[in-house]
Amino acid sequence: MDVAKAYDSVEWRYLEATMLKLGFAREWVTKIMHCVSLVSFGVLVNGTRIGPIVLQRGIRQGDPLSPYLFRISAEGFSKMFTQAASIGDICGVKVCKGPPSVRHLLFADEFILCRIG
């Protein structure tokens, strides 16, 4: 899965819920969510200001917090796969006897999901 455009698609409710599930303090999560969600833009169309344009989701590339917030989102995604494997809904790939199976791999801008059968 190519997630190069995923920064624009991160749902803020998911990000907030993931941070809380990972144990971040409510006060900290509230401050981070203010940084993410209290942004608006204005544009000029033929010299006339249009706006404010208020975003509903996404984290901005280039923002110093964005790589960390995206990593937190990916961690939540990873935990979902781990939970699904623990109840037997999915299984991974074993490369040899002994080591744990590989269900997914996370890279900077893509996920590799392993499926058998």
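Author: The accessible surface of the protein chain is about 8400 Å², and carbon and sulfur atoms hold 60% of it. The model is a predicted one. Of the chain's 117 residues, 24% count as buried. Its secondary structure consists of 3 helices and 4 strands, in the order α-α-β-β-α-β-β from the N terminus. Among contacts with a separation of 6 or more, 54% join residues 24 or more positions apart.

In soluble globular proteins, nonpolar side chains tend to be buried together. Here the largest nonpolar core has 12 residues: Val-10, Trp-12, Leu-15, Met-19, Val-29, Ile-32, Met-33, Val-36, Ile-59, Leu-69, Phe-70 and Ile-72.

Leaving aside residues up to four places away in sequence, Leu-15 touches Val-10, Met-33, Val-36, Ile-59, Leu-69, Ile-72 and Ser-73.

Thr-18 belongs to helix α1. With a relative accessible area of 7%, Thr-18 falls under the 20% cut-off and therefore counts as buried. Its side chain reaches the backbone oxygen of Tyr-14 at 2.8 Å. Again setting aside residues up to four places away in sequence, Thr-18 touches Ile-72 and Gly-76.

Definitions and conventions: Residues are numbered from 1 along each chain as its sequence is written. This is a predicted model: local features need pLDDT of at least 70, side-chain atom pairs count only at pLDDT 80 or more; totals for chains, interfaces and linings use all residues. Side-chain values use heavy atoms; hydrogens and water are left out. A nonpolar core is a set of buried Ala, Val, Leu, Ile, Met, Phe, Trp, Tyr and Cys residues joined through side-chain atoms within 4.5 Å. Buried means under 20% relative accessible area, exposed over 50%, partly exposed in between (1.4 Å probe, protein chains only). Contact means heavy atoms within 4.5 Å. Helices (H or I, at least four residues) and strands (E, at least two) are DSSP runs, numbered from the N terminus. Accessible areas come from the Shrake-Rupley method with a 1.4 Å probe; for residues, only the protein chains shown count as cover. A polar contact is a pair of N or O atoms within 3.5 Å; within protein, one must be able to donate a hydrogen and the other to accept it, and residues adjacent in sequence count only if both atoms are side-chain atoms.
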